[in-house]
Structures are given as structure tokens and as C-alpha cells.
Amino acid sequence: MTATPASALQQHPAFQGLSAASLKRLESEVRLLRYQPGQPLSEAALVPSEVPLIQEGQARLLVRDQERLSTLRRLGSGDLVGLASLLRARGCEDVAASTPVLALAISDTTILHLLAEEVSFQQWCASTLWPAELYALLEEQQQRR
């Protein structure tokens with residue numbers, strides 16, 4: 001791994017403004033996960049129970065376009081997977097590893113704690129554009145027509 005879990009979390013913009021107590025909780029609760037190529041990190045039909053923060057490797061954010069599977073965006077080190085689905089309480093992210101992936105898994109309860117207690121995390125989430133959510137909203141709009 002290129003960075004320790006503590007330094008990876010502290011360097012990520014979502015977690016930079018956290019209180020010492022929340023950062024300590026976050027660091028103590030993360031789990032290290034490994035994914036093989038083709039293995040899902042997130043499924044659009046589900047709201048995840050944990051949010052992987054990719055440390056090493058690459059994954060693909062997948063969408064169906066005219067019944068064809070396409071890559072909407074390539075994901076790599078520093079990308080959070082499943083957070084958009086958790087925030088909207090509705091799955092919208094199909095993500096699969098395209099290379100071996102090493103990730104830190106953050107539980108949904110920890111994410112909800114940060115949302116409730118940490119203004120900096122709330123602001124980061126509110127100011128972040130989530131490609132999967134945007135695509136899902138555009139698809140919903142298209143289906144209404």
C-alpha cells in the first residue's frame with residue numbers, strides 16, 4: 001500500500017477538516033478490502049453498508065446505455081465508491097474492479113456519524129458532483145418524457 005490508512009484518510013479532502021475524535025474513530029473502524037478484476041465494489045440496485053476508499057488499483061463506474069454496458073468514469077486512488085448511493089438513500093453506482101483494487105472500507109454508520117457531527121464533511125459531500133447520481137437523475141428525467 002502506498003500510504004498508511006491514517007495518512008490516506010487525513011489526505012483525502014472529505015476527511016481533512018474532521019475533529020480529532022472523528023478522525024480517530026474513522027481510523028479505528030476502517031477495514032482493508034481487496035477486490036479482484038471484475039469483482040463489484042458497489043451495485044446500483046443496493047444502498048451499500050460500507051463505502052470503499054480506493055487506495056490502489058482501478059475500477060470502472062458502469063452504466064447501461066441502450067442495453068449496452070459502458071464505462072462512465074474510471075476510478076482510482078482517492079475515489080470513494082458508494083457514497084453517492086448512501087447519501088441519496090438509493091443505489092446508483094455499479095462499480096467493478098478493472099485491476100486488483102486495495103481499498104479502505106468505511107461503514108455506513110461511520111459515514112452517518114460524520115454527516116451528523118462534522119460540518120466539513122457535510123460541506124464536502126454537498127459540494128461534490130457525483131457522476132453516478134447525475135447519470136441516474138438524467139435517466140429518470142428521460143424516462144418521464
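Guide: Start with strand pairing: two strands pair if DSSP finds at least two bridges between them. Keep in mind that this is a predicted model.

Visitor: What is the bridge partner of L33 in β7?

Guide: Strands of a sheet pair through backbone hydrogen bonds, either parallel or antiparallel. Here, strand β1 (residues 31-35) is joined to β7 by five bridges, and the two run antiparallel. Within that pairing, L33 has A103 of β7 as its bridge partner.

Visitor: How many bridges join strand β3 to β7?

Guide: Six bridges link β3 (residues 50-56) with β7, again in an antiparallel arrangement. I54 has A103 in β7 as its bridge partner.

Visitor: How many of the residues of β7 are buried?

Guide: Six of the seven residues in β7 (residues 101-107) are buried, and the strand is mostly covered.

Visitor: What is the strand order in the open sheet of four strands?

Guide: The order is β2-β6-β4-β5, with antiparallel pairing. The edges are taken by β2 (40-42) and β5 (68-75); each has a single partner strand, so one side of each is left without a neighbour in the sheet. From one strand to the next, the twist averages 35°.

Visitor: Which residue in β6 stands opposite L62?

Guide: In a regular strand the side chains alternate between the two faces of the sheet. As for the pairing, β4 (residues 59-65) and β6 (residues 94-97) run antiparallel and are joined by four bridges. L62 stands opposite D94 in β6. Helix α6 (residues 131-144) packs on this sheet, where it touches β4 and β5, and the direction of α6 makes about 5° with that of β4.

Visitor: Next, helix packing. At what angle do α4 and α5 pack?

Guide: Two packed helices are described by the angle between their axes and the distance between the axes. For α4 (residues 108-117) and α5 (residues 119-127), the angle is about 100° and the axes are 6 Å apart. That makes α4 roughly perpendicular to α5, because angles from 65 to 115 degrees fall in that class.

Visitor: Which residues in α4 and α5 meet?

Guide: From α4, I111, L114, L115, A116 and E117 meet V119, F121, Q122 and C125 of α5. Sorted by class, this contact has seven nonpolar residues, one polar and one charged.

Visitor: How many aromatic pairs does the structure hold?

Guide: There are two aromatic pairs. In one of them, the ring centres of F15 and F121 lie 5.8 Å apart with the planes at 10°, so this pair is stacked. F15 sits in the loop between α1 (5-11) and α2 (20-29), while F121 belongs to helix α5, so the pair ties together parts that are 106 residues apart in sequence. F15 is buried, at a relative accessible area of 1%, and F121 is buried too, at 0% relative accessibility.

Visitor: And W124 with W130: what is the angle between the planes?

Guide: The planes are 80° apart and the centres 5.6 Å, an edge-to-face pair. Both W124 and W130 are buried.

Terms used:
Residues numbered from 1 in each chain as written. Predicted model: local features only at pLDDT ≥ 70, side-chain atom pairs only at ≥ 80, totals over all residues. Heavy atoms only, no water. Axes fitted to C-alpha atoms, helices over the stretch in contact; angles between N-to-C directions. Parallel < 35°, antiparallel > 145°, perpendicular 65-115°, else oblique. Contact = heavy atoms within 4.5 Å. Nonpolar A, V, L, I, M, F, W, Y, C, P; charged D, E, K, R; others polar. Buried < 20%, exposed > 50% of the residue type's maximum accessible area, 1.4 Å probe, protein only. Phe/Tyr/Trp six-rings, centres within 6.5 Å; stacked < 30°, edge-to-face > 60°.
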